[in-house]
Amino acid sequence: MSAPLHPITSADLYPTSTPDTAAAALEAGLDVWRDLPAAQQPEWPDRAELEAVAAELASVPPLVFAGECDLLRGQLAAAARGEAFLLQGGDCAETFAEATADRIRNKIKTMLQMAVVLTYGASMPVIKLGRMAGQYSKPRSSTQETRQGVTLPAYRGDAINGFPFEEASRTPDPKRLLKAYHTSSSTLNLIRAFTKGGFADLRQVHEWNRGFVSSPANARYEAMARDIDRAMKFMIAAGGDTDALRTVDFWSSHEGLLLDYERALTRIDSRTGTPYNVSAHFVWIGERTRQLDGAHVDLMSRVRNPIGVKIGPTTTPDDLMKLVDKLDPEREPGRLTLVSRMGAGKIRGNLPALAETTKKEGLPALWICDPMHGNTFESASGFKTRRFDDVMDEVRGFFEVHNAVGTVPGGLHVELTGDDVTECMGGAEHIDDADLATRYETLCDPRLNHQQSLEMAFLVAEMLTGR
């Protein structure tokens with residue numbers, strides 16, 4: 001079994017060294033993006049109000065510590081070497097209304113269950129990274145939406161505007177950025193309480209199943225939980241140290257889409273004199289905003305966080321290497337995560353050349369699979385949905401390609417919820433088109449529900465064992 005991942009200590013977060021560097025020059029570089037093309041930005045009606053909000057955000061406390069980002073970077077480097085596996089999951093787009101204790105707890109429980117299935121099945125540490133505490137915006141294919149002859153701005157996420165199809169709600173409001181910050185802060189506080197206060201203790205492995213509806217995946221999970229109980233009792237009887245099993249590191253992430261928000265929460269770290277985005281431990285650049293000469297790539301290239309970039313089916317090896325040169329010129333382990341999102345029908349044809357390029361160049365980048373975004377379609381009844389079988393087929397293709405090339409299939413990036421929604425078709429529950437209306441709650445993209453998420457974890461654990 002691989003060694004456990006390094007736990008956070010106070011010495012990691014608060015080192016004593018405080019080197020003095022040219023902070024002014026670094027600050028100036030962080031604003032170069034303002035003169036570059038910036039895709040998918042809201043049309044804010046009042047620039048003065050936006051600037052006032054950005055100034056306020058620039059003065060608020062950080063949501064994460066730079067030292068935490070460094071620790072995550074080390075764990076991602078281990079995953080890129082095949083010594084760990086990344087599980088990244090959460091809502092397509094978080095909403096303010098759903099930032100409740102129950103909803104957050106159910107997502108955490110689902111992620112913990114998935115992680116323990118993967119860890120137990122593959123004897124490998126699992127890095128837990130939530131699409132949580134900041135995923136309040138989404139890129140859209142159209143800037144406007146028309147209903148019955150009325151055209152209004154498209155809903156871009158709660159950080160920008162509201163979902164109700166009304167002019168006042170759909171008008172972008174900079175004050176929502178402040179609410180996004182404060183809601184992210186309260187969400188992170190609760191996540192830390194759950195994961196550091198005893199809830200994540202492996203002795204609670206049965207408790208994580210409570211409250212979820214009975215299902216085949218839950219029954220299989222309970223059988224595995226009994227095995228874990230016996231193993232832990234043996235460890236205790238043998239005098240083993242179980243302290244490392246009582247808490248977990250749970251990291252936050254979101255797409256770094258709203259540049260005014262991300263820039264306001266980018267600070268110069270007093271330890272190292274280098275910039276960190278303190279809105280999340282990990283931020284990624286989307287498929288629609290990864291233009292090499294664009295604002296998103298420029299700003300994210302300047303922060304020290306571990307970062308990701310979505311790699312779609314049109315990406316060429318040359319495109320990939322230009323992105324790598326821009327985002328990770330030093331080839332630093334753990335710095336760059338490549339998130340493939342090809343679609344089940346394209347991954348086996350399009351990914352091999354890219355994986356072979358990273359192997360040939362000796363890149364330390366981590367490859368993970370987003371099997372959600374390339375498999376979306378509209379059902380006959382008009383719901384935006386995904387088929388569970390398509391999602392799993394893309395995951396299988398991801399593993400097949402990397403195993404054939406000799407690179408590491410290092411993780412998953414999944415849109416999921418801890419609730420029993422009916423948004424994706426298929427799975428052991430056999431959700432069909434007629435079932436979608438039963439509990440279709442997402443305001444953007446469809447998510448795997450708790451049962452489907454757990455089912456995925458068991459299937460991926462088998463793939464990891466084969467790896």
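View A. Axes here are lines fitted to C-alpha atoms, for helices over the stretch in contact (heavy atoms within 4.5 Å), and angles run from 0 to 180 degrees between N-to-C directions. Helices (H or I, at least four residues) and strands (E, at least two) are DSSP runs, numbered from the N terminus. Residues are numbered from 1 along each chain as its sequence is written. Because the model is predicted, local features need pLDDT of at least 70 and side-chain atom pairs count only at pLDDT 80 or more, while totals for chains, interfaces and linings use all residues; side-chain values use heavy atoms, leaving out hydrogens and water.

View B. Zooming in, β8 (residues 282-285) and β9 (residues 307-311) pair in the parallel sense over three bridges; pairing takes at least two bridges found by DSSP. Here W284 stands opposite G308 in β9.

**View C. R331 in its loop.** R331 sits in the loop between α11 (317-327) and β10 (336-340). Not counting residues up to four places away in sequence, R331 touches M321, V324, D325, L363 and P364. The side chains of R331 and D325 are joined by a polar contact of 2.6 Å.

Conventions: A polar contact is a pair of N or O atoms within 3.5 Å; within protein, one must be able to donate a hydrogen and the other to accept it, and residues adjacent in sequence count only if both atoms are side-chain atoms.
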